[in-house]
Amino acid sequence: MSAIEQVEAACYQFPLDEPEHDGTLSWSATAAVTVTVSAVGRTGLGWSYSTPAAARLIADLLAEHVRGRDVLDVPAGWAAMRGAVRNFGNRGLAMQAISAVDIAWWDLKAQLLEVPLAGLFGRCRDAVPVYGSGGFTSLTDEQLADQVAGWAAAGCRGMKIKIGQDWGSDVDRDLARLRRLAELAGAGVELMVDANGGYSIGQARRVGHQLDELGVVWFEEPVSSDDLAGLAELRGVLGCDVAAGEYAADGYEALRLLPVVDCLQLDVTRCGGYTGWLRCAALAQAYNRQVSGHCAPALHAPVAAAVENLRHVEWFADHARVEPLLVDGLPEVRGGELRLTGAPGHGMRLRADAGRWRIS
């Protein structure tokens, strides 16, 4: 078709008014590493939630394996990028960088073909179900109520909060906050929790039994996602679905998780972009498992619309805040669903005023 001419990376940082916490981590800002890939007057956009180091990796190494390749040859470029990082690790930071490039490349390809990305992938649905996510352990009761009200206004039929506060040291507060969520959400809303691996196996089992009594349907990372035996044990004794996978970087890691989870989480900004996400979703289909898009809701919309075994996409509070500051053309959340825009590519472009957030 035509060769890719330019690959450029940048990093944008969006500070919070006050720090946020989950069970094992706190943060005061969210950083997005963007990539633009250009050919014949068109530009594709991708991004990953990472650090400035990912932007340097793209500029210093990955770009040379992309420039000059045919716009249609995304799989060959993906393989070349993955091979280029072999000697210093092809997961973590490196895969976050590859993911951002891959997303931008697919966006460019669809633009030049003048089709929406969901159509290029092969559409299964016209809208993508989302659930409300946030509920940080640092929130006051009033702040949690405000989040829940926003999710309800958007029609979310599932809502998730963080538990496992301070590495599982305050289970009583965890459960009290969950009961408060149930009161705020009301009937007909699926209750979901994320411990971010903060519990020991014994704690997670005991807490999980109480979650079952409270009607919780989703227990995310009750123990570390590296603890495959622990996930398997909990899945065998709990009624709520055990979920994990947000850190999976490739099909090998997805394969290790599939036997021990009820739903595989996949993050398009961490698992190799759209190329990696579709491959991992296909593996999950072979295991009769559903997949759920982790965070980055706007980026997940087109690829989530293209897989049969989708459960939902996480409408994460931090990224729902950042994405309107970073890009125009976001898919609308209405009636508990992300509505695809129908524009060529994914339809999003950097905002004209996004530069005020740029740090590198």
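This dialogue covers aromatic pairs and helix packing in a predicted model.

Trainee: What should I know before reading the values?

Mentor: The model is predicted: local features need pLDDT of at least 70, side-chain atom pairs count only at pLDDT 80 or more, and totals for chains, interfaces and linings use all residues. Residues are numbered from 1 along each chain as its sequence is written, and side-chain values use heavy atoms, leaving out hydrogens and water.

Trainee: How many aromatic pairs are there?

Mentor: Start with the rule. Rings of Phe, Tyr and Trp (its six-membered ring) pair if their centres lie within 6.5 Å; planes under 30 degrees apart are stacked, over 60 edge-to-face, and the rest tilted. Here the count is 7 aromatic pairs. One of them joins Tyr-131 and Trp-218: tilted, 6.2 Å centre to centre, with 50° between the planes.

Trainee: Which parts does the pair of Tyr-131 and Trp-218 tie together?

Mentor: Helices (H or I, at least four residues) and strands (E, at least two) are DSSP runs, numbered from the N terminus. Tyr-131 lies in strand β4 (residues 127-133) and Trp-218 in strand β7 (residues 216-220), so the pair links parts 87 residues apart in sequence.

Trainee: Is Tyr-131 buried or exposed?

Mentor: Buried means under 20% relative accessible area, exposed over 50%, partly exposed in between (1.4 Å probe, protein chains only). Tyr-131 is buried, at 1% relative accessibility. Trp-218 is buried too, with a relative accessible area of 1%.

Trainee: What kind of pair do Phe-136 and Phe-316 form?

Mentor: Their ring centres are 5.8 Å apart and their planes at 85°, so the pair is edge-to-face. Phe-136 lies in the loop between β4 and α5 (141-153) and Phe-316 in strand β11 (residues 310-316), so parts 180 residues apart in sequence are tied together. Phe-136 is buried at 0%, and Phe-316 is buried at 8%. Trp-27, Phe-136 and Phe-316 form one aromatic cluster.

Trainee: How do I read a helix pair?

Mentor: Two packed helices are described by the angle between their axes and the distance between the axes. Axes are lines fitted to C-alpha atoms, for helices over the stretch in contact; angles run from 0 to 180 degrees between N-to-C directions. Helix α1 (residues 52-62) and helix α3 (residues 92-113) pack at about 70°, with axes 9 Å apart. That makes α1 roughly perpendicular to α3 (65 to 115 degrees; under 35 is roughly parallel, over 145 roughly antiparallel, the rest oblique).

Trainee: Which residues make the contact?

Mentor: Contact means heavy atoms within 4.5 Å. Among them are Leu-57 and Ile-58 of α1, and Ala-97 and Ile-98 of α3.
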